[in-house]
Amino acid sequence: MMNVPDSSEATHDLPLAGQRVVLGVSGGIAAYKAILVLRQLVDLGAHVVPVLTEAALHMVGPTTFTALGSEPVKTSLWDDADPIPHTTMGQTADLILVCPATARLLADYRMGRSGDLLTATLIATEAPVVICPAMHTEMWDHPAVQENLEVLASRGVNIVPPEAGRLAGGDVGRGRLAAPEAVVAAVLTTLDRAMSRQRSAGPSTSGPLSGRHVLVSAGGTREAIDPVRFIGNRSSGKQGYALAEEARVRGATVTLVSTVDLPISEGIEVVAVATAAEMEQAIMDRSAACDVIVMAAAVADFRPVSSAERKIKKGDGVPQIVLEPTNDILAGLGATKPDGQVLVGFAAETNDVDSNAQDKLKRKRADFIIANDVAAPGVGFAHDTNAVTIHGADGSRIEVPLQGKNGIARAVLDAVEARLGQRSS
Ligand code: CTP
């Protein structure tokens, strides 16, 4: 594929890209407004999983939520193909939003009762939670409701207070669900705060990877055809950046060899490269000192034998571009791997994913190959989510379900840590 850089290529991430939000809807009249919230979250790039309580189903139909959400509506603890949907959702969510939240939901959540899928998910998560109560004024003013809200707020739950206005049945007073824009703003700020808390916590000196040097490669290499054109690929670099951040959070000294310039935490050494040859040089110069090397970059397999010094003009006729193979960096690392080093490669495949991954594992002498089926929905280059299978040289195989690239990074580094642990014990 040939990419020609131009100003229209500059893309800005949607603010919620890569974020997995569970949208819980409980049984209040305001449930219909949750559809507007859902729409806005999806427009901002979020992956939204709608969870409706039985009572909510009396207020609104699931079809609209399924059509507008990122996954079909879930309602029951029992009717899902996943035997433990609440823990799967709780563990993979970046944020849980309950909109609207009834008085009963507040009471259940405060008490830790988990009788349905939504409350069970709330109890089974460490993700930040945003709650948007909506009810009649008398209920809102009841001391039990206010006390429940106080307790939940003291536990760090972000409460978006209701407005005063027209309520069901024609009454007017406090208790109307906050405007969808206010709900979405609360989601944005809550996620932002969670992110900066994680970053300002910085590397932990006692983290599981402290004392380890982790090198990650990220982005797609660019092989010049002339001064304005290159052969490139669709890699955004986000998975590599997520891996570098996660390694840093776990206490490692991190070097990121990257072809793209994305925001990154202080303390991570970034080595900017463009071509496969530059990436190879930067990695080989540092590889001997590394405990872990993760080749998340999409390295060109071929490059033009020569690059024109001046821009090739249309009038010059159709250029004949002769290609030559690049070196396989991962295979080079595998061939010279020092004892104890853990080497990780990726395999983006469109078919025969397992057998291709197994083949790469052996051919490149890696400890792990992280395989993804880029033809599957929500997976790979063009998405902020990914679903992978971690193939280990020891025959292990870990399926990591569709989630944000941060979650994939956590799963990969969990596997790496386990391997480092086995080697040092
Ligand atoms: N890789 C590399 N150097 C290359 C090509 C790939 O280090 N010249 C690394 C990638 O960073 C990735 C792994 O090898 O971690 C697999 O890359 P992929 O492109 O899927 O594999 P290829 O070896 O190119 O195999 P194929 O073209 O058969 O898919």
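Predicted model: local features only at pLDDT ≥ 70, side-chain atom pairs only at ≥ 80, totals over all residues.
Residues are numbered from 1 along each chain as its sequence is written, and side-chain values use heavy atoms, with hydrogens and water left out.

**Exercise 1. The whole chain**

Task: Describe the secondary structure, the extent and the domains of the chain.

Solution. 
- Step 1. Begin with the secondary structure: the chain has 14 helices and 20 strands. Helices (H or I, at least four residues) and strands (E, at least two) are DSSP runs, numbered from the N terminus.
- Step 2. Now take the extent of the C-alpha trace, which spans about 75 × 65 × 40 Å along its principal axes.
- Step 3. Look at burial next: 49% of the 425 residues count as buried.
- Step 4. For contacts (heavy atoms within 4.5 Å), consider those with a separation of 6 or more: residues 24 or more positions apart account for 66% of them.
- Step 5. Finish with the domains, whose bounds come from an automatic or database domain assignment. Domain 1 covers 10–194 and domain 2 covers 206–424; their centres, taken over C-alpha atoms, are separated by 37 Å.

**Exercise 2. Salt bridges**

Task: Which residues pair with Arg 250, Asp 328 and Asp 367 in salt bridges, and where do the partners lie?

Solution. 
- Step 1. Recall the idea: side chains of opposite charge can pair when their charged atoms come close. The cut-off used here is a side-chain nitrogen of Lys or Arg within 4 Å of a carboxyl oxygen of Asp or Glu, and the structure holds 20 such salt bridges.
- Step 2. Arg 250 pairs with Glu 246, their closest N and O atoms being 2.8 Å apart. Arg 250 is buried at 9% relative accessible area, and Glu 246 is buried at 10%.
- Step 3. Asp 328 pairs with Lys 364, with 2.7 Å between the closest N and O atoms. Asp 328 sits in the loop between strand E16 (323–325) and helix H12 (329–335), and Lys 364 in the loop between helix H13 (353–363) and strand E18 (368–373), so the pair ties together parts that are 36 residues apart in sequence. Asp 328 is partly exposed at 32%, whereas Lys 364 is buried at 13%.
- Step 4. Asp 367 pairs with Arg 419, the closest N and O atoms lying 3.8 Å apart. This pair links distant parts of the chain, 52 residues apart: Asp 367 is in the loop between H13 and E18, and Arg 419 is in helix H14 (residues 405–424). Both residues, Asp 367 and Arg 419, are buried.
- Step 5. Finally, salt bridges with shared partners join Glu 246, Arg 250, Asp 414 and Glu 417 into one network.

**Exercise 3. Backbone geometry**

Task: Which peptide bond is cis, and where do Asp 352 and Arg 365, with their positive phi values, lie?

Solution. 
- Step 1. Keep the background in mind: most residues other than glycine have a negative phi, and most peptide bonds are trans.
- Step 2. The cis bond joins Cys 99 and Pro 100, with omega about -5 degrees. Pro 100 is part of strand E4 (residues 95–101).
- Step 3. Asp 352 has phi near 45 degrees and is found in the loop between strand E17 (342–349) and H13. At 52% relative accessibility, Asp 352 counts as exposed.
- Step 4. Arg 365 has phi near 55 degrees and lies in the loop between H13 and E18. Its relative accessible area is 54%, so Arg 365 is exposed.

Key: Buried < 20%, exposed > 50% of the residue type's maximum accessible area, 1.4 Å probe, protein only.
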